[in-house]
Amino acid sequence: MGADVAPESLPDQPTGPFSWAEPPDHLSRPELFDGVILRRVFAYLIDVAILLGVTGFLWVLVVLTLGMLAALAAILTPLIPLAYHTLLIGGPDSATIGMRMTGVHVRRLDGGAPDYLQAGLLTLLFYASMALTGLLLIVAFFNERGRCLHDYLSGTVIVVNAGGQAV
């Protein structure tokens, strides 16, 4: 999947020495986008496995309580993925567990880490595009930075980081 980028070469704050006016060009900084689409796919598969484990555990509790938690589980089940993605992408690492494991993270267009509001918007747009048709994700193959439609609409870009660690 290519060489990873040194942590000091990516911005932490939009006002820092590495802030972007716009995301770096894929030709001037190809290491930031090297294999980003494949990394995103594997990151999402890891996240799905984690989410299946969490929701599976919740439904095991429903069975163990003889259905007394069924109403709560029915409410929480769709909220778990939304909370998982929003809280982790909007958090200090700007990445879900799967993203960290595959060496990518989310950045705003100015280079800073997204806040919880922007992370929530990104998450909602992602799941809305998946609900409409997963084919909307194909947009990533037609631009240099591997951005999907939900990335464009939420003002974010996914970049390769240093060995999967937070920058």
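Before anything else I jotted down a cut-off: a residue is buried if its relative accessible area is under 20%, exposed if over 50%, and partly exposed in between. I also noted that this is a predicted model.

**Entry 1: Arg-40 and Asp-151**

I put the cut-off to work on Arg-40. Its relative accessibility is 16%, so Arg-40 counts as buried. Then I looked up its partner. Arg-40 forms a salt bridge with Asp-151, and the closest N and O atoms are 2.6 Å apart. Arg-40 belongs to helix α1 and Asp-151 to helix α5, so this pair ties together parts that are 111 residues apart in sequence. Asp-151 is buried too, because its relative accessibility is 0%.

**Entry 2: the other salt bridges I checked**

How many salt bridges does the structure hold? I found 4. Besides the one above, I noted two of them. Arg-29 pairs with Glu-31, with 2.7 Å between the closest N and O atoms. Glu-31 comes out as partly exposed, at 26% relative accessibility. Asp-93 and Arg-100 make another, with their closest N and O atoms 3.5 Å apart. Arg-100 has a relative accessible area of 26%, so I wrote it down as partly exposed. Asp-93 is also partly exposed, at 25%.

**Entry 3: Arg-147**

Next I went to the loop between α4 (116–132) and α5 (149–154), where Arg-147 is found. Asp-151 does have the salt bridge with Arg-40 from my opening entry.

I then asked what else surrounds Arg-147. A polar atom of its side chain lies 2.9 Å from the backbone oxygen of Thr-156. Arg-147 also lies over the face of Tyr-152, 4.2 Å from the ring centre. Leaving aside neighbours within four places in sequence, its contacts include Arg-40, Leu-109, Val-139, Ala-140 and Val-157.

**Entry 4: rings**

I searched the whole structure for aromatic pairs and got 2. Tyr-44 and Phe-126 form one that is edge-to-face, with centres 5.2 Å apart and 70° between the planes. Tyr-44 is in helix α1 (residues 36–64) and Phe-126 in helix α4, so I noted a link between distant parts of the chain, 82 residues apart. The rings of Phe-126 and Tyr-127 have centres 5.0 Å apart and planes at 70°, so that pair is edge-to-face as well.

Is Phe-126 buried or exposed? It is buried, with a relative accessible area of 12%. Tyr-44 is partly exposed at 25%, and Tyr-127 is partly exposed at 21%.

**Entry 5: two positive phi values**

Last, I looked at the backbone. Leu-66 is not a glycine, although its phi is positive, at about 55°. I placed Leu-66 in the loop between α1 and α2 (70–89). Ser-94 has a positive phi near 55° and is likewise a residue other than glycine. Ser-94 is found in the loop between α2 and α3 (97–102).

I compared how open the two are. Leu-66 counts as exposed, because its relative accessibility is 78%. Ser-94, at 1%, counts as buried.

Methods
Residues numbered from 1 in each chain as written. Predicted model: local features only at pLDDT ≥ 70, side-chain atom pairs only at ≥ 80, totals over all residues. Heavy atoms only, no water. Helix = DSSP H or I, 4+ residues; strand = E, 2+ residues; numbered from the N terminus. Polar contact = N/O pair within 3.5 Å; in protein donor to acceptor, adjacent residues only side chain to side chain. Contact = heavy atoms within 4.5 Å. Phe/Tyr/Trp six-rings, centres within 6.5 Å; stacked < 30°, edge-to-face > 60°. Buried < 20%, exposed > 50% of the residue type's maximum accessible area, 1.4 Å probe, protein only. Lys NZ or Arg CZ within 6 Å of the ring centre and 35° of its normal. Salt bridge = Lys/Arg side-chain N within 4 Å of Asp/Glu carboxyl O.
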